[in-house]
2 protein chains.
Amino acid sequence: MILTVTLNTALDITYRVPALRPHAEHRVTGVTERPGGKGLNVARVLAALGHEVTVTGFAGGTTGRVVRDGLQGLTGVTDALIPVTGTTRRTVAVVDERTGDTTRLNEPGPVITPAEWSAFQEAYEGLLAGAQAVALCGSLPPGVPVGAYAGLVRTARAAGIPVLLDTSGEPLRRAVAARPDLIKPNADELAELTGSHEPLRATQDARRRGARSVVASLGPEGLVAATPEGRWRATPPARLSGNPTGAGDSAVAGLLSGLVDRLPWPQTLARAVALSAATILSPAAGEFDRAAYEELVGRVAVTGEVSAA
Amino acid sequence: MILTVTLNTALDITYRVPALRPHAEHRVTGVTERPGGKGLNVARVLAALGHEVTVTGFAGGTTGRVVRDGLQGLTGVTDALIPVTGTTRRTVAVVDERTGDTTRLNEPGPVITPAEWSAFQEAYEGLLAGAQAVALCGSLPPGVPVGAYAGLVRTARAAGIPVLLDTSGEPLRRAVAARPDLIKPNADELAELTGSHEPLRATQDARRRGARSVVASLGPEGLVAATPEGRWRATPPARLSGNPTGAGDSAVAGLLSGLVDRLPWPQTLARAVALSAATILSPAAGEFDRAAYEELVGRVAVTGEVSAA
C-alpha cells in the first residue's frame with residue numbers, strides 16, 4: 001500500500017464561463033466538483049495505475065463529507081482521513097472558455113486544533129506500518145505547525161519507509177533538513193528553496209540541504225533529477241497543449257509508482273513525464289488519458305549520467 | 001404572514017481577495033456564506049423589520065442542507081422549502097479588496113422534475129391560505145416552465161392575495177400578462193420588458209401590459225412608481241457609497257412591508273428607498289444598517305401626483 005498525506009484536503013470545484021470579466025456577473029455554464037488536494041490527486045492517479053493507496057489527512061464539515069463521499073467511488077483508494085470540527089476548504093477554478101485560461105480561488109482551510117494534530121500524528125504512525133512508501137503533499141492548513149512535515153519525514157525515516165515530499169516555502173525548507181528520500185519541487189519552489197534559478201545547480205544544492213534525491217518539474221521541459229545513483233533529464237517527446245492542472249500531481253504519482261515497483265531512475269522518470277503529459281492532454285482537468293500515457297511512456301527522452309560507484 | 005417564493009434558492013458564498021487578477025491563483029483571505037436567492041434575502045429583511053415570513057421554493061443536496069440550517073437561525077422566518085433530488089446552486093461573489101468591486105459567478109441551479117414542480121404548486125396553494133401577501137422572486141431553475149410565474153400570479157389572484165413579482169426576461173414578460181399587483185424591475189429589466197429606456201414612459205407601458213402597479217429601481221436615483229393611485233418618484237437624501245449587493249431585495253422588502261401595513265404609496269416608497277440605502281451603507285453585503293434606516297426613512301424625498309379619482 002502507498003500512503004498519501006493531504007493535510008489540507010479540498011473540494012475542488014471547476015466553473016466554466018464563456019468569458020471571465022472582472023467586476024461583472026457570470027452565468028456559470030458548467031459545474032464539476034471532486035475530492036482535491038495534492039495527495040488525493042496523487043492517490044487517484046496511483047489507483048488508476050493499479051496500486052493500492054490509502055489517503056490520510058483531515059476532513060470536516062459539509063465539504064469534508066462531500067470529499068469523503070467522492071472517495072467512496074474510487075476503486076483502490078482507502079479513506080483514512082481524520083475527522084476535524086472545522087470545515088474542509090473549497091477551491092474554485094474558473095475556466096474561461098474563450099481563452100482556456102484558469103483563474104483559481106483557494107480557501108485557506110479549517111483551523112486544526114492541537115488535539116486534532118496529535119490524533120493525526122498517532123494515526124499516521126499506525127498507517128506507516130502497512131506502507132511501502134509515503135507521500136507528503138501540499139500546503140498546511142492553519143493551526144498545523146510549520147515544522148509539521150519535518151516531523152512526519154522523521155517518523156517515516158524512523159519506520160524505514162521511503163518518503164516523498166511535495167510542498168513549498170518554509171514547510172519545505174524545514175522538512176528538507178529532516179532528510180526526505182525524494183522531493184519534487186517545481187522551478188519556482190526550487191529557486192525559493194535554494195536561491196538559484198539554474199535547475200541543475202539548484203537540484204544539487206537541494207541535495208546538500210538534506211534531500212536524498214531531487215526531481216524538479218520544469219513545465220514543458222520535463223523533469224531534471226539529481227540522485228545518489230546519477231543525474232538525468234527526462235523530456236516529453238513533443239510540445240503539448242492542454243490543461244496543466246494536476247500535471248505535477250501526476251508526476252508525483254509516477255515517481256511513487258516507479259519507486260515501489262523498484263524501477264531504475266530512467267524508467268521512473270519516463271513514467272512520471274508520460275503521466276504528466278497524459279494529464280495535460282486529457283480534456284478533464286486532473287485526469288490522465290490512458291492511451292496517451294501508454295503511447296508516450298516509451299517515447300520520453302531520458303539523458304544523463306550514472307554516478308561513479 | 002408574508003410568503004416569499006424563491007424557486008432558485010442559493011448558498012451565497014463571498015470571497016475576499018487582495019486583488020482579483022484573471023488567470024492567476026488567489027489565496028482567499030475571507031470566506032462567508034449564507035442562505036441566498038432573492039426571496040430569502042427579502043425574507044431576512046422583512047423578519048428584521050418584525051414581520052412573520054414564510055419562505056418556500058426548492059432546496060436539495062448538500063448545499064440545500066446548508067441553506068436550511070442557515071434559515072433555522074433566523075427569528076421570524078419559517079422554512080417551507082420543498083425538498084428536491086437536485087443540488088441547490090452556489091453563487092460565488094469575489095470582492096476585490098483593492099477596488100471594492102465584486103465579480104459574480106452564479107451556478108445555474110438543479111433541474112426540477114415535473115413531479116417536484118407539481119408538489120411545489122400544491123404546497124404554494126396551501127401556503128397562500130395563510131398569507132397577507134406573496135412575493136415571487138428571482139430566476140427560474142432548469143426544468144421549471146417559463147410560464148411558471150404567470151401561473152403562480154393567477155393562483156394568488158384567484159385566492160385574493162396581493163402578489164409582488166421581481167424577475168426578468170421572458171418569465172417577467174409572461175407573468176405581467178397575468179396581471180400581478182406589483183412588479184419591481186430595475187432599469188435594464190424594465191427596458192427589456194417595454195423596449196423603452198425612458199423610465200416614466202416605460203413604467204406606464206408596463207402597466208398597460210398588465211401590472212397593476214410598477215415600481216422601478218433606478219440605482220442611485222431611487223424609485224419611480226406608476227400606480228392606479230398616482231405617480232411618484234422617491235429619492236435618497238444623498239449620494240451613497242457602499243456595496244449595492246441586496247439593495248434591490250431590500251427595496252422589495254420595503255414595498256411588501258408598506259403593503260401589508262396598508263401605508264399610502266409615498267410612505268411605502270420612502271420605506272423601500274431607506275431600506276435600500278441602509279443596505280448599501282452596511283459593511284456586510286446584503287444586511288441593512290438599522291440606525292441608518294431609521295435616520296434615512298424620514299429624509300427620503302417623495303414627489304409626485306395623485307390620480308384624479
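A residue counts as buried when its relative accessible area is under 20%. The model used in these exercises is predicted.

**Exercise 1.** Decide why the radius of gyration of chain A agrees with that of a compact globule.

*Solution.* A compact globule with 309 residues would have a radius of gyration near 19 Å. Step 2: compare. Chain A has 19 Å, so the two agree. Along the principal axes, the C-alpha atoms of chain A fill a box of roughly 60 × 45 × 40 Å.

**Exercise 2.** Locate the domain that UniProt lists for chain A, and give its helix and strand content.

*Solution.* Step 1: read the record. An unreviewed UniProt entry lists "domain: Carbohydrate kinase PfkB" at residues 14-286 of chain A. Step 2: examine the span. Residues 14-286 of chain A are 39% helix and 24% strand, and their end C-alpha atoms lie 11 Å apart.

**Exercise 3.** Find the buried residues of helix α4 of chain B and what they pack against.

*Solution.* Step 1: list the buried residues of α4 (residues 148-158). They are A148(B), Y149(B), A150(B), L152(B), V153(B) and A156(B). Step 2: name the partners. These buried residues pack against β1, α3, β10, β11 and α5 of chain B. Step 3: look just after α4(B). There, G160(B) takes a positive phi of about 75°.

Technical notes
Residues numbered from 1 in each chain as written. Chains lettered and ligands numbered in written order. Predicted model: local features only at pLDDT ≥ 70, side-chain atom pairs only at ≥ 80, totals over all residues. Heavy atoms only, no water. Rg over C-alpha atoms; globule rule 2.2 N^0.38 Å. UniProt positions renumbered as here; feature names shortened; annotations may be inferred. Helix = DSSP H or I, 4+ residues; strand = E, 2+ residues; numbered from the N terminus. Buried < 20%, exposed > 50% of the residue type's maximum accessible area, 1.4 Å probe, protein only. Contact = heavy atoms within 4.5 Å.
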